[in-house]
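Dear colleague,

Please find below the structure that I am handing over to you. My findings follow it, grouped by region.

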Amino acid sequence: MLMLLLALAVGADRPNIVFVFTDDHASHAISAYGSKINQTPNIDRLAREGMLFRNCFCTNSICAPSRAVILTGKHSHINGLIDNNVAFNGSQPHIGKLLGAAGYQTALIGKWHLKSDPTGFDRWAVLSGAGGQGTYYNPEFKTDQGPLKVTGYCTDITTDLALDWMKKRDAKKPFFLMYQHKAPHRSWEPGPAQLGLYRDVEIPEPPTLFDDHSGLAGPAKKQEMTIEKHLSPFDLKLTFAKNLTKEQLAVFEGAYRAENEAFKKANLTGKDLVRWKYQRYIKDYLRCVAGVDDNLGRVLKYLDDEGLSKNTIVIYSSDQGFYLGDRGWYDKRWMYEESLRMPLIVRWPGVVKPGSENKDLVQNLDFAATFLDAAGQKVPGDMQGHSLKPLLEGKRPEGWRKSIYYQYFEFPGPHSVAKHYGVRTDRHKLIHYHASNEWELFDLQTDPGERRSVYADPGYQETVKTLKAELDRLRKLYKADTYVEPIMPKKKSGPTKKGAP
Ligand code: CA
């Protein structure tokens, strides 16, 4: 009895949490989600041993905002981080502080990108180069103990640091690790171990690579994220990063030289040129994904070897989805499915049924509440998300949400995607581009690829009315209706030369 009380007091029975988080990894580049273009054996292992969520959506499809939503359990307009330009206000409550206060050891390692320094984590090491984006090679970190620069490949180094922290932790206390990769974010520079992948294969093209967006409202035609026009020579590995060592540069030249010379000679134009760019882009993206998957394998092996797998929740997710040539695009931001969806796989031995699936509507908004609930902590009343623990146990709480709210703010900005907000149910999606007062309605059952808005169709007017009422309800519920957007500074729009952000 005394031992049990002692165990409860120090929380020895509470699960560890390893949050594996990547940047821009679309679920349609994960084989457990049915990818037609790659294999991800280690992520698939998590799905086989855990639960795969089919309908996880972000609230705002862009890097830093998604991270802030995960930390706080609050929508962007409440936590303040509405776009990539704002710094995170680290004085507010967030999951690192709350789990720390509950007796967890906490660490945050890798991509952070929230401009301010992390607060409330016992240990942190965050990528600091390239404005917080970090570099793929020889990355610089800012840590709680000073600056750090390591020669090598970012995905490998981030894993080394995460493993090192786990090895040195206090084994008597539960831990919470945010293990967060830069990959597979633009500019998709593969690691040395993955550079040779996909060399002589052709990756299948998405059916919408040459989409003209004729069934959509005006904003889709004004974006700047096409494979055709907006990838830079650096994105396409026609030039290489300036910070490579001599040896690394030689490896890059060896990997790309012959293909680049053939490309220059071929003088491609029109659709042939788009097809070439797509192959180059998608192969590098998938090579970066393979680097993540290989390194996840190292972490899972460590947990196995140390006997930690049984009492450790492992989550795989990424900050939003991404266009993999779909609609002719790369990048994210839109409320369309490809960028709205997030991968979410949770392995929790003894709680989650291995190989199970969930189709309820869940969001990154729910992650903080889930971590707290898993740690046996009360979820603060002002968090806007809900714990997924019941869903993980195979039970759907009564009144679980039947619709999600989405809002994107960053305009003017890179890639020129208009501000919009909207609502998605399991069947429909209504999007409002409020600056130009344009609307789109999609019937996801008859048009899962969202190729044609039926907003003006006479047969859908009842649906429009119902969804507008639901959108109003959600905007009130989340206090988005009274939020006043700050005036954005005039910024040059379009992709930057170097391929960031
Ligand atoms: Ca991202």
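Which residue just after helix 10 takes a positive phi? Gly376 does, with a phi of about 75°. Please bear in mind throughout that this is a predicted model.

Helix 10 is mostly covered, with 7 of its 8 residues buried. The buried residues are Phe367, Ala368, Ala369, Thr370, Phe371, Leu372 and Ala374.

The search of the whole structure returned 3 cavities of 30 Å³ or more, and the largest cavity holds about 90 Å³ of space. Its lining is made up of Ile313, Ile315, Leu344, Val346, Trp348, Phe367, Thr370, Phe371, Ala374, Leu388 and Leu392. Strand 9 (312-318), strand 10 (344-347) and helix 10 (367-374) are the elements that contribute two or more residues to this lining. Helix 10 provides the largest share, 4 residues. By class, the lining consists of 10 nonpolar residues and 1 polar residue, with no charged residue.

The second largest cavity

The second largest cavity has a volume of about 50 Å³. The residues around this cavity are Phe21, Arg67, Ile70, Leu71, Leu108, Trp112, Met178 and Gln180. At least two residues of the lining come from each of helix 3 (63-72) and strand 8 (175-180), and helix 3 gives the most, with 3 residues. Here the classes are 6 nonpolar, 1 polar and 1 charged.

Four strands form an open sheet in the order 13-14-15-16, and their pairing is antiparallel. Strand 13 (404-408) and strand 16 are at the edges; each has a single partner strand, so one side of each is left without a neighbour in the sheet. On average, neighbouring strands of this sheet are turned by 15° against each other, with direction ignored.

Within the sheet, strand 14 (residues 420-424) pairs with strand 15 (residues 428-433) in the antiparallel sense over 4 bridges. Val423 has Leu430 of strand 15 as its bridge partner. Helix 12 packs on the sheet and touches strand 13, strand 14, strand 15 and strand 16. The direction of helix 12 makes about 110° with that of strand 14.

Pro448

Where does Pro448 lie? Pro448 is found in the loop between strand 16 (438-443) and helix 12 (461-477). Is this residue buried or exposed? Pro448 counts as exposed because its relative accessible area is 56%, and the cut-off for exposed is over 50%.

Once neighbours within four places in sequence are left aside, Pro448 is in contact with Glu337 and Asp443. The C-alpha atoms of Pro448 and His428 are 9.6 Å apart in space, while the two residues are 20 residues apart in sequence.

Pro448 can then be found in the loop between strand 16 and helix 12.

Yours sincerely

Note on methods
Residues are numbered from 1 along each chain as its sequence is written. This is a predicted model: local features need pLDDT of at least 70, side-chain atom pairs count only at pLDDT 80 or more; totals for chains, interfaces and linings use all residues. Side-chain values use heavy atoms; hydrogens and water are left out. Buried means under 20% relative accessible area, exposed over 50%, partly exposed in between (1.4 Å probe, protein chains only). Contact means heavy atoms within 4.5 Å. On a 1 Å grid over the protein atoms alone, a cavity is a set of points where a 1.4 Å probe fits but cannot get out, and a pocket is an open set with protein on both sides within 12 Å along at least five of seven lines; lining residues have an atom within 4 Å of a point. Grid points are joined across faces, edges and corners, and a volume is the space filled by probe spheres set on the points. Ala, Val, Leu, Ile, Met, Phe, Trp, Tyr, Cys and Pro count as nonpolar, Asp, Glu, Lys and Arg as charged, and the others, Gly among them, as polar. Two strands pair if DSSP finds at least two bridges between them. Axes are lines fitted to C-alpha atoms, for helices over the stretch in contact, and angles run from 0 to 180 degrees between N-to-C directions.
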